[in-house]
Amino acid sequence: MPSLVGSEMCIRDRPKIITDENNFEIKWESKFLNLYIWDSSNEDGDEINLSINNEIILSNYLTKNKPKKIKYKLRKGKNILKIKATSVGTLPPNTARFELIDNKIKYPIITELKLNKTAEIIILK
């Protein structure tokens, strides 16, 4: 686990790239998930569905360069975030940038998905 210096944010490695039907697993400490979602390159019409523990959080959400913040209370055990590409925009594949924040640790993630394909992020609390 990375060490924390003062009140600075600690970033885990480089962004993890998740492609079609792949999963990524994270061990989590905090009660809450602070999640930021955005299009880190060209806004080209990419849209996603996001669900957490089968609860729909975003439906056909158009990713923008400005991050959208979501705060979600996690349950004990396994929490599953599902990201589905509902549009690949004008520059396929569908790319979205995510930052998951657990206390002072950032997990940067990029999804690269084909139309109607899904990626999962599994958070173990």
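Two strands are taken to pair if DSSP finds at least two bridges between them. Strands are DSSP runs of E with at least two residues, numbered from the N terminus. The model is predicted, so local features need pLDDT of at least 70 and side-chain atom pairs count only at pLDDT 80 or more, while totals for chains, interfaces and linings use all residues. Residues are numbered from 1 along each chain as its sequence is written, and side-chain values use heavy atoms, with hydrogens and water left out.

In strand 8, serine 87 is the bridge partner of glutamate 47. Strand 5 (residues 46–52) and strand 8 (residues 78–88) run antiparallel and share 7 bridges. Both belong to an open sheet of 5 strands, ordered 3-11-8-5-6, with mixed pairing. Strand 3 (23–27) and strand 6 (55–62) stand at the edges; each has a single partner strand, so one side of each lacks a neighbour in the sheet. Neighbouring strands of this sheet are turned by 15 degrees against each other on average, direction ignored. Axes here are lines fitted to C-alpha atoms.

Glutamate 99 lies in strand 9 (residues 94–102). Its relative accessibility is 14%, so glutamate 99 counts as buried (under 20% relative accessible area, with a 1.4 Å probe and protein chains only). Beyond residues up to four places away in sequence, glutamate 99 touches Asn34, Leu35, Tyr36, Trp38, Lys106, Tyr107 and Pro108 (heavy atoms within 4.5 Å).

Lysine 71 places its charged end over the ring of phenylalanine 32, 4.7 Å from the ring centre. The criterion is NZ of Lys or CZ of Arg within 6 Å of the ring centre and within 35 degrees of the ring normal.

Methods: Helices (H or I, at least four residues) and strands (E, at least two) are DSSP runs, numbered from the N terminus. Axes are lines fitted to C-alpha atoms, for helices over the stretch in contact, and angles run from 0 to 180 degrees between N-to-C directions. Buried means under 20% relative accessible area, exposed over 50%, partly exposed in between (1.4 Å probe, protein chains only).
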